[in-house]
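Have the coordinates open as you read.

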Amino acid sequence: MKRWYLYPFSLGYHLVTGIRNTMYDLGIFKSTKFNTPIINVGNLSVGGSGKSPMVMYLAQYLSKHYRTGVLSRGYGRLTKGYAVTNYESNYKMVGDEAMQLFERFKNRFVIAVSEERVPGAQKVISDMDLDVLVLDDAMQHRAIKAGFNILMTDFNDPYFKDHLLPAGDLRESRAGVKRADVIMVSKCPDELTEETKQYYISRIRPLYNQKVFFTSIGYDENVYGREKMLPDNNLNYYDILLITGIANPKPLVEHLAKFSQRVKHLKFRDHHNFSDDDIKKIIAEYKKLGEYKLILTTEKDYVRLKTFDYLRDIVYYWPINVIIDKKEEFNQLILDYVRRN
């Protein structure tokens, strides 16, 4: 969303972030380099750009070859400090994204949280004897010098059409793209033409050492509840209450519309901690639906909603995965980086 009346404030923001980045570029501010390979997944803008599915993809892929860890800030949790996600954890302790990863993959790779990224990275690498660490959302956290940077940008709201906060949604200037090794255009439509790809590449203008890839969202063929699953082509038999607490629910709303037109959508802010009043509102809306009905949500929201007793048996989630064009080329880039380091 562009807010042109705030543009004068963006000039001040540009000055502050520009000075900070220059300090890191000149080595005046310390940036810690690690012997262990570190891959950072980040973006230039606030809001959802597909970072979480990409972190999930990388951790799942790398864990087939190496002792892999993921480190995030643990946004939205009610605790502080360093923690490793385990069977005793919940979203209040580690945040919904870390809990989502653990619920899907369990102990296939290490999932840690720390708002202090440098000591957090040092501890998880040392304690867990990691071969490679994936950093979630640390493009602007330059205190760690990642060896490989993946910058995500939304196909529908690319950074090259955006502006700095508060007039736009960029956390730093577009020049920050030069720190990326890979620019990943996310949430692309299923039918993406070569002409459209070339247009985006021409606007991105990658440097000689940068690669551009395009990704789309792949939805599972089933939705899942606590003890059962439902094929997506059965959704048209139900009245659906859709609950979202993510930055950009538009792709999910559009995908769901292919299966059902009987949808009531309750939208909450990203990482929303559902209160008792929220649950009362959800229950009231659910009771208004017809005889055959269900509550549908995202995998990230599910780890929070399922903790409420009334919802536990009536809420379903729809898992997603990232689909990468030229996947083999991308995988080889990642493996080559880790092997070299």
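This is a predicted model: local features need pLDDT of at least 70, side-chain atom pairs count only at pLDDT 80 or more; totals for chains, interfaces and linings use all residues.

Let's start with α1, which runs over residues 7–25. Its 19 residues span 26 Å from the first C-alpha to the last, close to the 27 Å expected at 1.5 Å a residue. Which residues of α1 are buried? They are S10, T17, N21 and Y24. Looking down the axis of α1, you'd find these buried residues within an arc of 45°, so they line one face of the helix. After the helix comes G27, with a positive phi near 80°.

**Charged pairs**

Side chains of opposite charge can pair when their charged atoms come close. With nitrogen and carboxyl oxygen within 4 Å as the cut-off, the model has 21 salt bridges. Here are three of them, with the N to O distances.

| R304 | D96 | 3.2 Å |

Take R304 and D96, whose side chains meet in a salt bridge. R304 sits in helix α9 (residues 299–305) and D96 in helix α4 (residues 96–105), so this pair ties together parts that are 208 residues apart in sequence. Buried or exposed, what is R304? It's buried, with a relative accessible area of 1%. D96 is buried too, at 4%.

K197 belongs to helix α6 (residues 194–204), while D325 is in the loop between β17 (320–324) and α10 (327–340), so the two tie together parts 128 residues apart in sequence. K197 is buried, with a relative accessible area of 16%.

R262 is found in the loop between α7 (250–256) and β14 (263–267), and D239 in strand β13 (residues 239–244), so the parts they tie together are 23 residues apart in sequence. Here R262 is partly exposed, its relative accessible area being 41%, whereas D239 is buried, with a value of 16%.

**The nonpolar core**

In soluble globular proteins, nonpolar side chains tend to be buried together. In this model, the largest nonpolar core has 35 residues. Which residues have the most contacts inside it? Those are I39, M54, L58, I150 and F330. Helix α2 (residues 51–62) gives the largest share of this core, seven residues.

M54 is a handy one to click on. Not counting residues up to four places away in sequence, M54 touches V41, M152, M184, T215, V322, I324 and F330.

**A buried glutamine**

Back in helix α4, have a look at Q100. Q100 is buried, with a relative accessible area of 10%. What does Q100 contact, leaving aside neighbours within four places in sequence? Its partners are M56, E299, K300 and V303.

How values were computed. Residues are numbered from 1 along each chain as its sequence is written. Side-chain values use heavy atoms; hydrogens and water are left out. Helices (H or I, at least four residues) and strands (E, at least two) are DSSP runs, numbered from the N terminus. The expected span of a helix is 1.5 Å times one less than its number of residues. Buried means under 20% relative accessible area, exposed over 50%, partly exposed in between (1.4 Å probe, protein chains only). The arc is that of the directions from the helix axis to the C-beta atoms. A nonpolar core is a set of buried Ala, Val, Leu, Ile, Met, Phe, Trp, Tyr and Cys residues joined through side-chain atoms within 4.5 Å. Contact means heavy atoms within 4.5 Å.
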